[in-house]
Amino acid sequence: MKKRNLKKTAAVALGAALVVGMLSACSGGSNEARGKGSVTWSTWGTPDELKVFEKFNAEFEARHPDIKINFQPVASYSDYHSKLNTQLTSGTAPDVFYVGDDQIANLVANGVLEPIDSHVESAASPISLADFSEAIYQVAQLDGQTYGLPNDVNPDAFWYDKQALAAAGIAEDPADLAAKDEWTTDKFFEMADALHRADMTGAAFWNYWSTTDSMIASQGGKIYDDAGKYVANTDATSVAALEKWAQKFADGHFAVADVMPAGQDPDTLFAQHKLGFLVQGRYTVASVEGAGNSIDDYDVVRWPTPDGKATTSGVASSFLAINKKAADKEAAFTFFSEFLSKEGQTLRLSGNGNALPSITGIDEIVTSVHKPTHVATLLGMRDKGFSNFQVEAAVPGLSAQISNDHMLPLYQGKSSAQKTLDQIAELVSQKTSK
């Protein structure tokens, strides 16, 4: 879920690559023996994240001395999925692996994943489907079967810099307004205008499916209907909402984080108190503190709405799945279920500012550290939020094409909301009909 940060930071990628080399040397890499009594699994991640995974691996092997864990981390998000698809084609893929929310539906449709329903329905399973949000894991379902579950999640929330807001003459606190159901879209736009007048960037958003869909859904618009047809272009509320938000980008009050230049990127501006709002996940805690700032100077609020009341918005997630060709499916599910269990997520997420648990019953590992003050807002967004739409996520590259070829020109003032949504509707129809 940190893919947007990972792909933009060469130092992180290099560090992760070095760790990959060391871990491969320790675990034997892809050539280590597989089969009964072993589980080979793979993911992407930063060096710090990979250390946490190694800790989980060690504890798992201590609990299950009859199961050997072979760990195959990959440095970057994009390289990871390219390698995974090649491995699945050649029959050399890991037994258990991470999958991005923009990739999972395609793998489900291709029939390369093991359905997990019978496993989780077992009395011996430490997890059940009821432990997870169906609005999120639905993207990994097909024909009544489930093929993956989110390992952790990140709702795209509005992080705000209290110093920047004060410097712009903004006296009201967004979180306080939200608590009174007064966090309206107009109020947020007023704050963005004030920040712009004070020579600061009002807000920065990452250009991907969650931003696009949240701008529409949070304002009461529709994106897809129940039959999977793209309807945002024919829904008057959706068109009006997107036009209103897009104008703020075109006017320079909002910025597209992906194309901000080095030195003027969102993390830098946020650390320098030159950016009012940054819309992203819980990993913001780590970036703020890593820049030497106090998290007490920042806080978080949900998406603004026309009436100020809380509603649904996008939740970025990564999934854990089991290879349909896993040599030892019992061992694979044992690893899969313990990784996703309350104990597994507690081990991986306690004291870590990267994500929220995807399983119910362990929210205290987030709320107990009070980072930020209104961290409970993130949990509420998780519980109300949605993942990428299945019909869109099932087509490789479709979400990225929507963002890069259509949404970016809209943000740059080169198109209208109606024209953009019409183009997206045509693209979706063409791609999904195949």
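A salt bridge here is a side-chain nitrogen of Lys or Arg within 4 Å of a carboxyl oxygen of Asp or Glu. Keep that cut-off in hand for a first example. E190 forms a salt bridge with K187, and the closest N and O atoms are 3.8 Å apart. E190 and K187 both lie in helix α10. They sit three residues apart, about one turn of the helix. E190 is partly exposed, with a relative accessible area of 47%.

The model is predicted. Start with its overall layout. Domain 1 brings 19 residues to the contact, and domain 2 brings 22.

Now look at the interface. The size of an interface is often given as the accessible area lost when the parts come together. Domain 1 and domain 2 bury about 1800 Å² between them. Carbon and sulfur atoms give 58% of that area. On the side of domain 1, three residues stand out: K371, M381 and K384 supply 30% of the area this domain buries against domain 2, more than any other three residues.

What polar links cross this interface? The rule finds one salt bridge between domain 1 and domain 2. It also finds four residue pairs in polar contact across the interface. Helix α18, residues 376-384, gives the most to the side of domain 1 that touches domain 2, with four residues. By class, that side of domain 1 has nine nonpolar, seven polar and three charged residues.

Most residues other than glycine have a negative phi, and most peptide bonds are trans. The peptide bond from K371 to P372 is cis, with omega near -5 degrees. P372 is found in the loop between α17 (364-367) and α18.

Phi of D143 is near 50 degrees, a positive value in a residue other than glycine. D143 is in the loop between β4 (141-142) and β5 (145-146). At 75% relative accessibility, D143 counts as exposed. D199 has a positive phi of about 65 degrees, although it is not a glycine. D199 is in the loop between α10 (185-197) and β8 (201-205). D199 is exposed too, with a relative accessible area of 72%.

Return to the charged pairs. Side chains of opposite charge can pair when their charged atoms come close. A search of the whole structure finds 13 salt bridges. One of them joins K329 and E114, at 3.0 Å from N to O. K329 lies in helix α15 (residues 329-340), and E114 lies in the loop between α5 (104-109) and α6 (117-120), so the pair ties together parts that are 215 residues apart in sequence. Are these two partners buried or exposed? K329 counts as partly exposed, at 31% relative accessibility. E114 counts as buried, at 12%.

D363 and R382 form another salt bridge, again at 3.0 Å from N to O. This pair links distant parts of the chain, 19 residues apart. D363 is in the loop between α16 (342-349) and α17, while R382 is in helix α18. D363 is partly exposed, with a relative accessible area of 22%. R382 counts as buried, at 7% relative accessibility.

Finally, take two buried polar side chains. Q280 is in strand β10 (residues 275-280). Its relative accessible area is 0%, so Q280 is buried. Where does the side chain of Q280 make a polar contact? Its partner is the side chain of W206, at 3.0 Å.

H64 is in the loop between α3 (47-63) and β2 (68-74). At 18% relative accessibility, H64 counts as buried. Leaving aside its neighbours within four places in sequence, H64 is in contact with T334 and E338. With E338 there is a polar contact between the side chains, at 2.7 Å. I402 is another matter: H64 and I402 are 338 residues apart in sequence and 45 Å apart in space, C-alpha to C-alpha.

Key. Residues numbered from 1 in each chain as written. Predicted model: local features only at pLDDT ≥ 70, side-chain atom pairs only at ≥ 80, totals over all residues. Heavy atoms only, no water. Contact = heavy atoms within 4.5 Å. Buried area = accessible area lost by both parts, 1.4 Å probe. Polar contact = N/O pair within 3.5 Å; in protein donor to acceptor, adjacent residues only side chain to side chain. Nonpolar A, V, L, I, M, F, W, Y, C, P; charged D, E, K, R; others polar. Buried < 20%, exposed > 50% of the residue type's maximum accessible area, 1.4 Å probe, protein only.
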